[in-house]
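Biologist: I would like to learn how to read a structure, one feature at a time. Please show me the chain, and we can start with a single residue.

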Amino acid sequence: MGGSEQGYANEAFRLNWVSTVGPNIDAFEAAFSQRIGLHSVCLDSGTAAIHLGLRLLGVGPDDEVFCPTLTFVASANPIRYLGAEPIFLDSERRTWNLDPDLLRRALRKKAATNRLPKALVLVDLYGQCAEMDPILETAAEFGVPVLEDAAEALGATYKRRAAGTFGRIAAFSFNGNKIITTSGGGMLVSADKALADKARFWATQARDPGIAYEHSEMGYNYRMSNVLAGIGIGQLEVLDLRVEQRRAIAARYAAGFADVPGIEPMPEAPDAFSTKWLSCFLIREAEFGVSRDELMRALNEAGIESRPVWKPMHLQPLFAGCECFGGDIARDLFERGICLPSSSSLPVEDQDYVIERVKAACGMTVTHV
Ligand SMILES: Cc1ncc(COP(=O)(O)O)c(C=O)c1O
């Protein structure tokens, strides 16, 4: 927490707006809109934002929706909520995000069978934007609308433009592990006010105007609590600091491993400014000396929690049988990739301890000065 969050949350109690409406929600949406330059709708999760966003793009039963295979399951689940089927696509090595050339080939193939996807979920992985220019150009050429899943990338930019401003709709997450948090929460953003208004309407059980509880459309209970929105206002004030802190951790690890063979950081593309939401590295066992899994075990024994890179969706039992274009790069990143402790509150001594234990795991002697 940055310090002012509790004050805003207390205000919700003082005014007795302990509800899913109230001044904190209005203020959080206004502050977020100002920061991102789009209309914003507070929701109770990033997943809800993706669900509503896909429905806004007209996704429905029997549609197909493109989605990168290397992502967290929440990018793909909402496709199924709507009765549609995900089609997965491989990553490129430059950004670990959706491969623009593969997207073009896949869309060509789909166009030839007259079955273009209804939408593309475009993920900004681990805080780094995808290759927006070629991807958006291709999607526009084939008339496929883009929903940007910027859950992990609040504060990132691509060619100086903010993550979350590239699709017709974008989703952010304020889950407890994200760059800023409301404990749980999300935001749907769009340049189109009518889309944002419709999302807000669906998120509040799609209650028609008027005093009667009349409903013409199906809705959801997806609104954020006014108490949690107070946390969000405070967190937004420290967003830039949090990004700086995460980037500093990634840089410290990278410098610490500069003389270690066989461990390389997730690349940051020249056009991209990543939030480094998580500090991710790839292990080349032949040079590093031990495998990614052995490294994770050694870290665990030293009391350090690490995680593998996301398991690709096309390897998940849940999506067995789904079509996938490529997939070998995502599989390789999953099998060799490791996410090291990345919390913005991680003390420098703990970061150094992680560096020390990684070096020890591959048999390097660690000298203390
Ligand atoms: C890429 C991605 N998409 C979507 C989500 C879903 O966000 P939430 O947990 O707020 O529902 C997350 C994180 O949890 C995520 O990492």
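Biologist: Is Leu43 buried or exposed?
Modeller: Leu43 counts as buried because its relative accessibility is 0%. The cut-offs are these: buried means under 20% relative accessible area, exposed means over 50%, and partly exposed lies in between, with a 1.4 Å probe and protein chains only. Before we go on, note that this is a predicted model: local features need pLDDT of at least 70, side-chain atom pairs count only at pLDDT 80 or more, and totals for chains, interfaces and linings use all residues. Residues are numbered from 1 along each chain as its sequence is written, and side-chain values use heavy atoms, with hydrogens and water left out.

Biologist: Where is Leu43 found, and what is it in contact with?
Modeller: Leu43 is in strand β1. Helices (H or I, at least four residues) and strands (E, at least two) are DSSP runs, numbered from the N terminus. Contact means heavy atoms within 4.5 Å. Leaving aside neighbours within four places in sequence, the contacts of Leu43 include Ala48, Leu52, Leu188, Ala203 and Tyr222. Look also at Thr204: it is 161 residues from Leu43 along the chain, yet their C-alpha atoms are separated by 9.8 Å.

Biologist: How do I read a helix such as α7? Which of its residues are buried?
Modeller: Helix α7 covers residues 193-203. Its buried residues are Leu195, Ala196, Ala199, Phe201, Trp202 and Ala203. Their cover includes β1 (39-43), α3 (46-56), β8 and β9.

Biologist: What caps the N-terminal end of α7?
Modeller: Asp192 does, with a side-chain oxygen 3.0 Å from the backbone nitrogen of Ala194. After α7 comes Gln205, with a positive phi near 65°.

Biologist: Now a charged residue. Is Glu64 buried or exposed?
Modeller: Glu64 is buried, because its relative accessible area is 13%. Glu64 lies in strand β2 (residues 64-68). Its side chain makes a polar contact with the side chain of Lys110, at 3.2 Å. A polar contact is a pair of N or O atoms within 3.5 Å; within protein, one must be able to donate a hydrogen and the other to accept it, and residues adjacent in sequence count only if both atoms are side-chain atoms. Not counting residues up to four places away in sequence, Glu64 touches residues including Glu85, Ile87, Arg115 and Pro117.

Biologist: Step back to the whole chain. How many helices and strands are there?
Modeller: The chain has 13 helices and 15 strands. Of its 369 residues, 55% are buried. Among contacts between residues at least 6 apart in sequence, 71% join residues at least 24 apart.

Biologist: What radius of gyration does the chain have?
Modeller: The chain has 21 Å, which agrees with the value near 21 Å for a compact globule of 369 residues. The radius is taken over C-alpha atoms, and the globule rule is 2.2 Å times the number of residues to the power 0.38.
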